[in-house]
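User: Could you take a close look at the sheet in this model and the helices around it? I'd like one connected account, please.

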Amino acid sequence: MCKILAIESSCDETAAAVVIDGIIVKSNVIASQLEIHRRYGGVFPEVASRQHILAISTVIQDALIEARTGWNELDAVAVTYGPGLVGSLLVGVNAAKGIALALDIPLIGVNHLEGHLYSNWLKTDKTDPPPIKFPVLALIVSGGHTELVLVHNHGEYEILGRTIDDAAGEAFDKVARMLELGFPGGPAVQEAAKEGNPQAYDFPRAWLGNSFDFSFSGLKTAVLRVIQKYTKTNILQHPAMAAQAKVKPTIPIADIAASFQMAVVDVLVSKTKAAAEKYNVSEVLLAGGVSANALLRNKMMAACGRPVRAPSLILCTDNAAMIGAAAYWHFKVGHISGWDLDVVTNLELESK
Ligand SMILES: Nc1ncnc2c1ncn2[C@@H]1O[C@H](COP(=O)(O)OP(=O)(O)OP(=O)(O)O)[C@@H](O)[C@H]1O
Ligand SMILES: [Mg+2]
């Protein structure tokens, strides 16, 4: 049995978890800074790193207590070393180094995107899901990334496509800001869309030929143009200024949200389906914050003609259990980091 303490601090969640054999979550503690950043309409990097410093010791201790695990029972310490905000990443990496050094156990640096992908390996209830058989196709859709990845085996990745401008989650966040729905935008847009007609606006879909790349900035601008028709004011600004823009209550927020959401989901599903068929994968894995989106999950399951897996909702957005899941496979094949492990803010997903 391999018990890994995992730490995640790449953005605005301070998180720690104890994971057994890359599958069983013994604890998954997340201290979210959401309320602090909400007033800025996005993550304020300096504030985020300071909050991580304040929270990290307690979060790690809570993870061990919840898992009923003593320091001496740990086999390794895993930590996100990129991509993310430099000051935020540094807090987690230094905490992990200190613990690994003090306990004389291996330190495993994990790519945050690999963590999102491996959230699909975590067991979330008492039943055992069927094992994942390679090759699989993964759609990683988060606040900073939109990547379509062919996963040949553990740690063997082939990037088929990625966004050439905004990430899917970023588009949700920006449209939510335009509609004054708050931060983070994804859940707010999904909620607003429930009452709306997804056919009300024929927003553009960027197909980019036959490529598996994505683009969402044109869609974002199209949404802004529609809103401007109602407000005649550019409200793509700081929320405080948007509040002064006196948005007329006649804006059909639900219809815009529903039509926008449908446009994003249409493109994500069509490209994933095409790639799944082209590479004849055994199943499709969704990962990242946007994979919490109900329309995306439902449409993907209906379209792909093969099993579609997605993490439980709590494991879609940032957490440390997913870092522990990814770290396990590195641990098994001896991918151990040196004490010179440094943060890499623009780290890409690549095979080791
Ligand atoms: N139900 C939902 N529908 C659509 N988007 C959602 C939903 N829930 C969360 N999101 C989006 O997911 C994103 C957050 O996901 P995540 O925590 O994976 O991103 P991140 O860690 O900030 O970015 P990255 O993982 O790329 O570094 C936000 O953009 C948020 O709006
Ligand atoms: Mg993330």
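Analyst: Happy to. Helices (H or I, at least four residues) and strands (E, at least two) are DSSP runs, numbered from the N terminus. This is a predicted model, in which local features need pLDDT of at least 70, side-chain atom pairs count only at pLDDT 80 or more, and totals for chains, interfaces and linings use all residues. Residues are numbered from 1 along each chain as its sequence is written, while chains are lettered from A and ligands numbered from 1 in the order in which they are written.

The sheet is open, with five strands in the order S3-S2-S1-S4-S5 and mixed pairing; two strands pair if DSSP finds at least two bridges between them. S3 (24-32) and S5 (107-111) are the edge strands with a single partner each, so one side of each has no neighbour in the sheet. On average, neighbouring strands are turned by 20° against each other, direction ignored. Axes here are lines fitted to C-alpha atoms, for helices over the stretch in contact, and angles run from 0 to 180 degrees between N-to-C directions.

Within the sheet, S1 (residues 3-8) pairs with S2 (residues 13-20) in the antiparallel sense through six bridges, and Ala-6 sits opposite Ala-17 in S2.

Now the helices. H2 (residues 45-66) packs on the sheet and touches S1, S2 and S3, where contact means C-beta atoms, placed from the backbone, within 7 Å. The direction of H2 makes about 25° with that of S2. H3 (residues 86-103) lies across S1, S4 (76-82) and S5, and runs at about 160° to S4.

Methods
Contact = placed C-beta atoms within 7 Å.
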